[in-house]
Amino acid sequence: MNFDDVIYLLLLVGCIAFGEVYRKLKDLETKKWVGTGVGLIVVLAVSGIHLLHPVFLTLANILILTYVNKSLCHIVSFFWSFSYLFFFRVCHYVGLEMPPAHTNAILMMITLKLVGVCYEVHDTWKKRGLLKKEEDDEIKTKLKLELKYEEVDPSPVDIFHYAFNYVGVLTGPYYKYRVYVDMLHGTVVDGGLDCVQAMLRRIWVVPLYSVAFLITSYFFPLSFAEEDTIFTDYSFFYRVWYMTPVFFTFRMRIYSGFVLSECVCIMAGIGAYPKDCEPKPGKGPSNYEALEKKENEGQKEFNFETIHNIDEYGADFTPTVRAGMRCWNMTVQFWLANNVYKRLKLARPIKEALTMLTSAYWHGVHSGYYLSMLTVPFILAVEDYFDRLVRKKLGDTGKKWYDWFSWFIKMQNFAYMGMAFLLLKVNTTLHYWHSIGYLYHGLLFLMHCGAQYVNLILGKAQYKLRKARATEFIDENTKISYKRTIEVAGEPKVAAISLNGDAVNTKKDE
């Protein structure tokens, strides 16, 4: 653990402790300015003069929301913010000083926030327009309820506050602007929610993750994969196995950071909603009828699912890559699904590929991100093939064995892609992948070919079956359908006669 990581850890712990004070602030404006002030101090502590980058990006998005039509503001913000994110990462090539790594993490989260709030403003404008035109009372009632819990009207100062509030400014989790507004106007303290106990129930795993990280990073350093001796001094099976403890080390580090970030949110009281309204990570409430009912009743059982960013058990033990990804960085997964995947009117595989491309671009300019994440759509396609061709045809016992095998392949695929994500550079990534013969790319190719072959065989069988069944019916364009009684072996039959006079189908006349 280097000095920057120590500073980063201390700032997270400090933010957790400060939540006990921040949560109890009653005045709305005081709460806004205190949260923003602490956030700016945190950003300044890790970024120094490079604080100007997130400030400039935020001011530019304020101008976009102020002067660009609401029908286009989200698109302009998306392309502007992601373009500036690219410039930020290559600015040292044009003579500017290279920013610290933690500033990159800060700008990544602020980018999601600023683009996200533009999408929220656009969606609010769109739904208000639909409400004015809609005549169906049931649909109007639904739109009114959605607007009640989703609509936003941020001022320029409000956007600045949202971007730089200390909660989540370092490493997330992402939360919508409306979630931030609900926190400012919320009644978490008055509602009787014990945030300290909720935080303690979440943070206890961090020491375990941290110890595991320190031990495995010492015995299984990532640098081993970059050495030339990996070819000469170690067996092929050891090289294949080595990525498993390296990926375990990576998970322990990420789990620790994500859980601490969740604890910052819990102590600040952000993302606390009644359990019955079914909050979703990043989004907030999803069942507005239940939320309306709970507000009227005044009885609330809260949870912090809105800022739940990592489901460690699900990430490690779900049987497929698709299910595992849904448990990883869940608030960012929501942002990608809501603002990229669902907005694209394309075929599902293309949407998945473009969403993963957006994720890779957001993570950085290094080729390792693209080598890693752009492998995912192919894995998902193969998983879907085998689920349809094999798993759905198995019994309960067969499905259990299939899921165990699928889980093993999934973890190996994650570790294989994780090496590219960690090594970053194309030469070091390919150096390691070459040392193990591009094993999982090869396996993926063989499984894909196998699935296609099975699909082809089944397709031919289904075609023959359909063709056989088609002879039982009369094509209206080429045949005349009628019945007549004919004698076959002395017994009366009912036959459908084709144009050439052949009997196509017969059955006993009643």
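Me: What makes the crossing of H17 and H19 right-handed?

Reply: Happy to start there, with a reminder that this is a predicted model. A crossing gets that name if the near helix is turned clockwise from the far one by less than a right angle, and the crossing of H17 and H19 is right-handed. Helix H17 covers residues 348–363 and helix H19 residues 376–389; their axes come within 9 Å and cross at roughly 145°.

Me: How do you know that H17 and H19 meet, and which residues do it?

Reply: Contact means heavy atoms within 4.5 Å. On the H17 side, Arg 348, Glu 352, Ala 353 and Met 356 take part, and they meet Val 376, Pro 377, Leu 380 and Asp 384 in H19. By class, the contact has five nonpolar, no polar and three charged residues.

Me: Why is Cys 15 called buried?

Reply: The relative accessibility of Cys 15 is 5%. Buried means under 20%, so Cys 15 counts as buried.

Me: And why is Cys 118 called buried?

Reply: The relative accessibility of Cys 118 is 0%. The cut-off is again under 20%, so Cys 118 counts as buried.

Me: How do you know how many disulfides there are?

Reply: A disulfide needs a pair of cysteine sulfur atoms within 2.5 Å, and by this rule the count comes to zero disulfides. Take Cys 118: the nearest cysteine sulfur, that of Cys 73, is 5.2 Å away, and Cys 118 is in no disulfide.

Me: What makes the reach of helix H1 close to the expected one?

Reply: H1 runs over residues 3–22, which is 20 residues. The expected span is 1.5 Å times one less than the number of residues. For H1 that gives 28 Å, and the helix reaches 28 Å from its first C-alpha to its last.

Me: Which residues of H1 are buried, and what covers them?

Reply: Asp 5, Tyr 8, Leu 11, Leu 12, Cys 15, Ile 16, Gly 19 and Tyr 22 are the buried ones in H1. Their cover includes helices H2 (28–47), H5 (101–133), H8 (177–185), H9 (195–203) and H12 (236–268).

Me: How do H2 and H5 cross?

Reply: The axes of H2 and H5 come within 8 Å and cross at roughly 145°. Val 43, Val 46 and Ser 47 of H2 make the contact with His 102, Thr 103 and Ile 106 of H5. By class, this contact has three nonpolar, three polar and no charged residues.

Me: And how many helices and strands are in the protein?

Reply: The protein has 22 helices and five strands. Of its 510 residues, 47% count as buried.

Terms used
Residues are numbered from 1 along each chain as its sequence is written. This is a predicted model: local features need pLDDT of at least 70, side-chain atom pairs count only at pLDDT 80 or more; totals for chains, interfaces and linings use all residues. Side-chain values use heavy atoms; hydrogens and water are left out. Buried means under 20% relative accessible area, exposed over 50%, partly exposed in between (1.4 Å probe, protein chains only). Axes are lines fitted to C-alpha atoms, for helices over the stretch in contact, and angles run from 0 to 180 degrees between N-to-C directions. Helices (H or I, at least four residues) and strands (E, at least two) are DSSP runs, numbered from the N terminus. Ala, Val, Leu, Ile, Met, Phe, Trp, Tyr, Cys and Pro count as nonpolar, Asp, Glu, Lys and Arg as charged, and the others, Gly among them, as polar.
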